[in-house]
Amino acid sequence: MDCAKDAAEIERAARSAGVAEGDVKVSAATHIMTLRIADGDLPKVRPALDATGYGFEKIEDGDTSSDPAYKDPSYRRALWIVVALNLGYGVVEMFGGFLSGSQALKADALDFLGDGAITFLGLLAIGWSLTWRARSAMIQGVFLGLLGLGVVGSTLWRVLNQTTPEAGLMGAFAVGALIVNILAVLPLLKHRKGDANMRAVWLFSRNDAIGNLAVVIAAGLVAWLGSAWPDLIVAFAIAGLFLHSSWMIIRDARSDLVEAD
């Protein structure tokens, strides 16, 4: 899962199938869903969960490391490509944000860095215990939250000291971000109908590519209106969603640590 909205979507799907609100939990930290239902009720819930597109696999006897997705060398290579593209372009786009004066580019760069970090952690954490996965997610959530607060703070400062971004540079880096996200999706295409983790990574990569269009549109509006407000509005929206996801990761990591203890 990319962020907390995916966890919330899955929880809503389970509740729509009759699971009580307190009987379903999807951790944004460890990406484990806990259902407190009778085994006989699972066939009724499964179709609603499958409809989300993410796919699910039942964990037997507490084993959280048996996911066959990661046993496929081509899939692991695809994930490393996704990590390299996200982290690499995240740095490039952050530079572009400072160069063009665009807060939306900085926020979008943060999303790239967050996605790269989440996928990187997923690769490193294969076979780790629930406790260590939760601890690493906690560190990641705090770090990403601090980055998000930095973007919000700099955007607030820009609201008080408005300068119109260079729309041409902003648009060029935003289109570059869209191209990079498409390139990140390509290695995952043949895996998009695989197991749960394969489909989850495919879906959040595809959704990010769609989300980049907001920054492209903002660049066009900046050029058309000659105003910084489209850039600032998109920056606040992206940073706000990012901070919400970071908080959900921290909250769920704390809960997972309590359960593990």
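Helix 6, residues 167-185, has 19 residues and spans 27 Å from its first C-alpha to its last, close to the 27 Å expected at 1.5 Å a residue. The expected span is 1.5 Å times one less than the number of residues, and helices are DSSP runs of H or I with at least four residues, numbered from the N terminus. This is a predicted model, in which local features need pLDDT of at least 70 and side-chain atom pairs count only at pLDDT 80 or more, while totals for chains, interfaces and linings use all residues. Residues are numbered from 1 along each chain as its sequence is written, and side-chain values use heavy atoms, with hydrogens and water left out.

The buried residues of helix 6 include Met 170, Phe 173, Leu 178, Val 180 and Asn 181. Buried means under 20% relative accessible area, exposed over 50%, and partly exposed in between, with a 1.4 Å probe and protein chains only.

The structure also holds four salt bridges, each a side-chain nitrogen of Lys or Arg within 4 Å of a carboxyl oxygen of Asp or Glu. One of them joins Glu 11 and Arg 15 at 4.0 Å, N to O. These two residues lie four apart in helix 1 (residues 4-16), about one helical turn. Glu 11 is buried at 17% relative accessibility, whereas Arg 15 is partly exposed at 31%.

In helix 2 (residues 42-50), Asp 50 and Arg 46 are likewise four residues apart, about one helical turn. Their salt bridge has its closest N and O atoms 3.4 Å apart. An α-helix has 3.6 residues a turn, so residues three or four places apart point the same way. Asp 50 is partly exposed at 37%, and Arg 46 is partly exposed at 32%.

Asp 252 forms a salt bridge with Arg 251, with 3.1 Å between the closest N and O atoms. Asp 252 is buried at 2%, while Arg 251 is partly exposed at 37%.
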